[in-house]
Amino acid sequence: MYLKSLHLNRFRNYRDREVQFDAQKTIVVGNNAQGKSNLLEAVELLATLKSHRTSRDRDLVRDGDEIARVSATVKRSYGETDMAITLRKQGRRVVTRNSENLRRQMDFLGAINAVQFSSLDLDLVRGSPDTRRSWVDGLLIQLEPVYAYILQQYNNVLRQRNALLKKIRNLEENPPSRELTAQLALWDAQLAAHGSRVTRRRARVLERLAPIAQSWHQQISGETEVLEIKYAPNVARSQDDPEQVQQAFLEKIQQRRVAEQNLGTTVVGPHRDEVDLIINHTPARSYGSQGQQRTLVLALKLAELKLIEEVIGEPPLLLLDDVLAELDPNRQNQLLEAIQDRFQTIITTTHIHSFDDQWLQNSQILTVEAGEIHPFVPNI
Ligand SMILES: Nc1ncnc2c1ncn2[C@@H]1O[C@H](COP(=O)(O)OP(=O)(O)OP(=O)(O)O)[C@@H](O)[C@H]1O
Ligand SMILES: [Mg+2]
């Protein structure tokens, strides 16, 4: 796929700017706090309807304005599509595809696919389980847009079940009344039904991703390290059978009944999943030097690119936020070779000189200064 143009209106620190992309690689140069990451964030938003930097739309609207709009034209094998998101300081967002308002988010997702790689991604190794769950979810949303809906449903059930458990905990009577017990049983069944959908999809995507990541990792580390990616679901399952998985949920809910009522919160379900990243039989978090952890993240990102390409049938966009300079020449080359000219890539940097001539020659180079974008004019 190819992103032809991107239009940022009152988005973050941009007043009104449109970029036409005219090469397979675009390098965006600028000092700190000028708007480089904001630009990539806009593309991420179009691909996933999420930003990894904020969950509040009001942060995305330019200070002093009420409404922001991000739009883009993307070329796919089946034709061109115009995508747009309108964000408000207060109120709901509106998403459109070819100027048609869409009621469901999942009808918007899937038109633009992107893999983002920034220095924050080191948190995939070092951060809390939550970071890894969001990462897997973000990938799933792109591969199967219906997953956005599945996850939303699960989170709704979780919220309501938590409210009920809290209510039960705060009651005087113990055990709870028959009415409350019956209500809880209904939520148990909902949790099992929706939770098993989430779990099964996460298991499947990790099963596909793991061998690809492993192979990249071996290549980048020079065959010296073996990477394992293991899904550690909160509710273990022995097979990918919906009924069996739901049954496992209900059994675990039974086991943890007292704990849940004492804590007043749901402790069973995929919101407690973990993804274990293991290098040479040791958790990568405690194993790796920074360089080794970077190798791991690079392998994960390259695996995402390849998996999306495999599933979607078209290469996704690659967004590299200030990471190239952090990679040593060997890893830079690995990345370069993996991307070649197949993936349209947008790269941000503070220093144009950190780039190999090979990159510069075939790239479109733009500068960003205080939310203004211009073609790069070299100082001669
Ligand atoms: N809603 C907003 N309205 C106006 N300005 C904003 C808004 N949100 C962020 N900014 C501004 O955008 C700038 C940050 O932009 P961005 O994160 O894209 O920087 P960057 O060029 O990637 O910098 P770095 O090299 O440090 O990563 C900051 O100056 C910040 O104040
Ligand atoms: Mg930045």
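Trainee: How far does a backbone N or O atom of Asp-63 lie from a nitrogen atom of ligand 1?

Mentor: The distance is 2.9 Å between a nitrogen atom of ligand 1 and a backbone N or O atom of Asp-63. Such a polar contact is a pair of N or O atoms within 3.5 Å; within protein, one must be able to donate a hydrogen and the other to accept it, and residues adjacent in sequence count only if both atoms are side-chain atoms. Please keep in mind that this is a predicted model, in which local features need pLDDT of at least 70, side-chain atom pairs count only at pLDDT 80 or more, and totals for chains, interfaces and linings use all residues. Residues are numbered from 1 along each chain as its sequence is written, chains are lettered from A and ligands numbered from 1 in the order in which they are written, and side-chain values use heavy atoms, with hydrogens and water left out.

Trainee: How much of ligand 1 does the protein cover?

Mentor: On its own, ligand 1 has 650 Å² of accessible area, and the protein covers 71% of that. Accessible areas come from the Shrake-Rupley method with a 1.4 Å probe; for residues, only the protein chains shown count as cover.

Trainee: And what lies 2.8 Å from an oxygen atom of ligand 1?

Mentor: An N or O atom in the side chain of Lys-36 is at that distance from an oxygen atom of the ligand. A polar backbone atom of Asn-38 is likewise 2.8 Å from an oxygen atom of ligand 1.

Trainee: Which residues around ligand 1 come nearest?

Mentor: Ala-33, Lys-36, Ser-37, Asn-38 and Val-61 come nearest, out of 16 residues around ligand 1. A residue is counted as near if one of its heavy atoms lies within 4 Å of the molecule or strand concerned.

Trainee: How do the residues of that shell divide into nonpolar, polar and charged?

Mentor: The shell has 2 nonpolar, 8 polar and 6 charged residues. Here Ala, Val, Leu, Ile, Met, Phe, Trp, Tyr, Cys and Pro count as nonpolar, Asp, Glu, Lys and Arg as charged, and the others, Gly among them, as polar. Helix H1, residues 36-48, gives the most to this shell, with 3 residues.

Trainee: Changing topic, how many helices and strands are there in the protein chain?

Mentor: The protein chain has 12 helices and 15 strands. Its radius of gyration is 23 Å, close to the 21 Å that the globule rule gives for 380 residues, so the chain is as compact as a globular protein of that length. The radius is taken over C-alpha atoms, and the globule rule is 2.2 Å times the number of residues to the power 0.38. Helices (H or I, at least four residues) and strands (E, at least two) are DSSP runs, numbered from the N terminus.

Trainee: What share of the chain is buried?

Mentor: Buried residues make up 51% of the 380 residues. Buried means under 20% relative accessible area, exposed over 50%, and partly exposed in between (1.4 Å probe, protein chains only).

Trainee: Is Trp-359 buried or exposed?

Mentor: Trp-359 is buried, because its relative accessible area is 2%. This residue belongs to helix H12, residues 357-361. Leaving aside neighbours within four places in sequence, Trp-359 is in contact (heavy atoms within 4.5 Å) with Lys-25, Leu-324, Leu-336, Ile-339 and Ile-347.

Trainee: Where is Thr-295 found?

Mentor: Thr-295 is in helix H10, residues 290-312, and counts as buried at 3% relative accessibility. Not counting residues up to four places away in sequence, Thr-295 touches His-217, Ile-220, Ser-221 and Arg-331.

Trainee: Finally, which backbone oxygen lies 3.0 Å from a polar atom of the side chain of Tyr-2?

Mentor: That is the backbone oxygen of Phe-21. The backbone oxygen of Ala-23 lies 3.2 Å from a polar atom of the Tyr-2 side chain. Tyr-2 itself is in strand E1, residues 2-9.
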